[in-house]
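Thanks, everyone, for making the time this morning.

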Amino acid sequence: MGWEPPRNLECNVQSPTPENSKLDEGEHEQLCNAPVTIEHFGGKAGALLHDVPQVKISEYTHYSVDVEGSVKNPWAPFNSQMDWEVAQWAKLRGPGLTAFTDLLMIEGNSVELNKIIDTKIPSCQPRFVHHKACVAALYSDPEHAQYLSFAPERHYADADKTQCLYHDLCTGEWWWATQVRQILLVYLPTTRLTQITNKASQRCTLANLFHACMSHIVEPLKSAGVDGMVLMSGDGITQHCHPIFATFCLVTGIMNGDCPVCTCPHNELGKHPSQHELRDLNAILDTLELLGLPLYTQACHDLHIKPLQHPFWEDLPYLNIFQSITPDILHQLYQGVMKHMISWVTEIVGAAKIDAQKGIMTLSHVSGVEHKQMSHFLLGLIIDVRLPGNAFPARLVRTTRSLLDFLYLTQFPVHSNSSIDTLETTLDEFHANKGVFEDLGIRNNFNIPKLHFLQHYARSIKLFGMTDNFNMEATERLHIDFAKDAYAATNHKDEFWQMTKFIVQYNHLMLSFQQIEDHATNIHLPCDSVPVFHHIKFWNNEIHATETLDSVHAQPAVRIVFSLPQMVVKQYFNPQNPPPQHLAYVEWFSAFSPLPDTHSGLYKVRQLVRDGECQVSIVPWGGAVPAEWMSLEVLDTCATFFLNVFKDMYTYFNVG
């Protein structure tokens with residue numbers, strides 16, 4: 001994947017954070033610009049096996065050719081649109097599999113929809129077998145071709161190569177030293193083994209069961225990682241590839257409550273900076289070889305690891321599992337550290353006050369999304385709160401601000417040596433001021449594993465690139481599709497085979513974004529013209545009647561604003577889900593340059609072009625404005641305002 005600059009929102013607002021914890025103007029500019037110097041690994045890394053790419057037919061073309069009867073019938077292999085819609089409803093939103101099977105067996109219902117889905121619709125996803133096909137399926141998907149990286153690179157923000165840039169995985173130090181669409185690999189058993197009454201034995205057996213299952217999953221990577229395998233990417237290029245287990249965020253086999261990266265014991269997790277060494281993989285592997293001997297359990301205990309029977313990672317090539325544990329923004333920060341911080345602030349400010357302002361304390365279940373939203377306004381809740389004895393909350397504000405800074409800095413789309421130094425400085429500031437929670441009686445220690453792990457973020461970013469490379473938010477969403485929805489489609493008895501069948505059928509019925517794009521090129525709306533608007537007026541009927549409050553002219557970036565003819569709307573859209581009334585044809589331009597032109601003082605932008613074509617979009621335009629929004633009065637309530645730089649990542653990146 002190529003370097004892509006973040007959106008830029010210029011604003012001359014100073015952060016209240018001390019200067020040594022901020023990026024200066026030049027350092028910020030380095031993050032906004034493309035790399036000045038790129039050093040390639042060289043050698044045979046990324047070399048082609050064939051000079052001329054082989055012909056690669058798109059998956060949609062394969063789909064059209066393979067489906068019986070698709071030339072004359074757009075709903076093939078179904079006989080009609082009704083059959084297709086019934087099958088789609090049944091598999092994606094309908095009752096359980098057993099109920100639907102019973103429905104199909106009713107006399108007179110001659111269309112065997114399940115059989116059609118299973119046998120006549122091609123699937124891009126491999127069947128659930130123990131095979132390297134999953135790697136090949138991901139690698140060969142045409143949608144991924146433009147994003148694949150085949151060799152490590154070192155990116156620098158300066159010609160002297162003093163400021164490294166870290167973003168995609170290929171720019172991290174790990175790939176250089178060792179020489180990535182998601183797919184469901186397996187369902188791991190969730191049994192609790194309640195038949196084992198001894199709790200210690202139960203925990204040990206569950207841990208060994210997990211590692212046995214994972215060993216079965218990663219077994220193909222052992223030979224493939226060493227010997228390699230020939231793969232063809234979606235653009236027809238064939239290369240010799242070595243799939244290697246790179247990063248992980250779950251179980252390693254260390255004692256519960258300990259750090260998976262370093263040897264820090266649980267009762268010292270709150271100390272900062274940690275002086276403990278990183279875990280010694282070789283020493284641990286030597287200990288694992290003692291399995292079966294009387295001293296095995298004690299040897300494991302001395303290294304603070306569980307006495308496992310063959311952890312899944314012990315034979316994987318080029319893998320240091322303790323180095324591979326990466327930051328997890330969702331679970332470590334939003335659902336971990338920020339959850340703690342929000343609870344501490346709530347105890348100080350009072351739940352009633354927070355709920356009166358934001359209405360969030362009555363939520364029965366708070367997810368990562370809610371914790372992310374709370375982080376947007378957390379600092380505003382305490383910026384003028386009075387502590388016991390009418391004390392000013394300076395330390396509390398500094399502590400909260402520094403942790404929020406850390407939260408947002410970790411999510412930068414690109415990092416340099418300077419930004420990583422700033423990241424570590426903000427963590428230093430948090431620990432320097434965290435004593436305020438002890439003084440207020442909120443905490444008596446900070447031995448929290450997720451809080452301690454923040455000390456390893458900087459090292460991980462240098463090894464593996466930006467944290468978005470291993471963000472769990474995407475896979476958390478897929479857990480709904482692949483686990484919860486799949487389970488809901490079963491009869492809840494012997495469910496695993498039904499769930500895997502559901503996933504295969506689910507992928508049969510869904511087109512990918514690229515397939516939709518390919519298909520859309522052959523669809524033409526039956527109209528020669530559309531209603532076009534060059535001047536849009538805004539008003540609020542409930543408050544200002546038809547008085548024009550604002551207006552917009554369609555200009556170069558927004559070329560036209562238009563509506564679809566009613567004939568097209570009736571023919572192509574469901575009346576219950578009509579298209580937006582107004583659509584805008586937008587041509588995209590680059591972000592503003594970090595600094596204005598020296599002579600004119602004006603910022604430069606350029607038209608975005610990819611593969612020789614201007615980048616354009618059709619987007620919804622306008623919408624209803626809430627009646628309670630009264631712009632003439634909303635700013636009269638307060639005399640002074642703080643600009644909330646934590647509104648979103650883009651605001652923080654450019655203003656914070």
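Let me start with helix α12, residues 329–349, and helix α14, residues 368–382, whose axes come within 9 Å and cross at roughly 40°. With that crossing angle, α12 is oblique to α14, and the crossing of the two helices is left-handed. Please bear in mind throughout that this is a predicted model, and that every value I quote is computed from it.

If you follow the α12 side of this contact, you will find Leu330, Tyr334, Gln335, Met338, Lys339, Met341, Ile342, Val345 and Val349, and these meet Gly368, His371, Lys372, Met374, Ser375, Leu378, Leu381 and Ile382 on the α14 side. Sorted by class, the residues of the contact between α12 and α14 come out as 11 nonpolar, four polar and two charged.

Now keep α12 in view and turn to helix α15, residues 394–409. The axes of α12 and α15 come within 12 Å and cross at roughly 165°, and because angles over 145 degrees count as roughly antiparallel, that places α12 roughly antiparallel to α15. Here, too, the crossing is described as left-handed. From α12 the contact draws on Leu333, Tyr334, Val337, Met338, Met341, Val345 and Ile348, while α15 brings in Leu396, Thr399, Thr400, Leu403, Leu404, Phe406 and Leu407. What does the class count of the contact of α12 with α15 look like? There are 12 nonpolar residues and two polar ones, with no charged residues.

That leaves the pairing of α14 with α15, where the axes come within 10 Å and cross at roughly 165°. These two helices are therefore roughly antiparallel to each other, and α14 passes α15 in a left-handed crossing. On α14 the residues making the contact are Ser375, His376, Leu378, Leu379 and Ile382, and on α15 they are Leu396, Val397, Thr400, Arg401, Leu404, Leu407 and Tyr408. The class count for α14 with α15 is eight nonpolar, three polar and one charged.

Four strands form an open sheet, in the order β1-β2-β3-β6, with antiparallel pairing. Which strands lie at the edges? They are β1, at 37–40, and β6, at 415–416, each of which pairs on one side only.

Working across the sheet from β1, four bridges join β1 to strand β2, residues 153–156, and the two run antiparallel; within this pairing, Ile38 stands opposite His155 in β2. The next step is from β2 to β3, which pair in the antiparallel sense over two bridges, with Tyr156 standing opposite Cys164 in β3. Finally, strand β3, residues 164–166, pairs with β6, again in the antiparallel sense and over two bridges, and there you can find Leu165 opposite Ser416 in β6.

Two backbone details deserve a look while the model is on the screen. The peptide bond that joins His272 and Pro273 is cis, with omega at about -5°, and Pro273 lies in the loop between β5 (238–241) and α9 (281–288). The other detail concerns His304, which has a positive phi of about 60° although it is not a glycine; His304 is found in the loop between α10 (296–302) and α11 (321–324).

I will close with confidence. The mean pLDDT of the protein is 77, and 72% of its residues reach 70 or more. At residues 1–19 the pLDDT stays under 50, and for that stretch the model has 50 contacts beyond four places in sequence. The pLDDT is also below 50 over residues 624–631, a stretch with seven contacts in the model beyond near neighbours in sequence.

How values were computed: Residues are numbered from 1 along each chain as its sequence is written. This is a predicted model: local features need pLDDT of at least 70, side-chain atom pairs count only at pLDDT 80 or more; totals for chains, interfaces and linings use all residues. Side-chain values use heavy atoms; hydrogens and water are left out. Axes are lines fitted to C-alpha atoms, for helices over the stretch in contact, and angles run from 0 to 180 degrees between N-to-C directions. Angles under 35 degrees count as roughly parallel, over 145 as roughly antiparallel, 65 to 115 as roughly perpendicular and the rest as oblique. A crossing is left-handed if the near helix is turned anticlockwise from the far one by less than a right angle, and right-handed if clockwise. Contact means heavy atoms within 4.5 Å. Ala, Val, Leu, Ile, Met, Phe, Trp, Tyr, Cys and Pro count as nonpolar, Asp, Glu, Lys and Arg as charged, and the others, Gly among them, as polar. Two strands pair if DSSP finds at least two bridges between them. pLDDT is the predictor's confidence in each residue, from 0 to 100.
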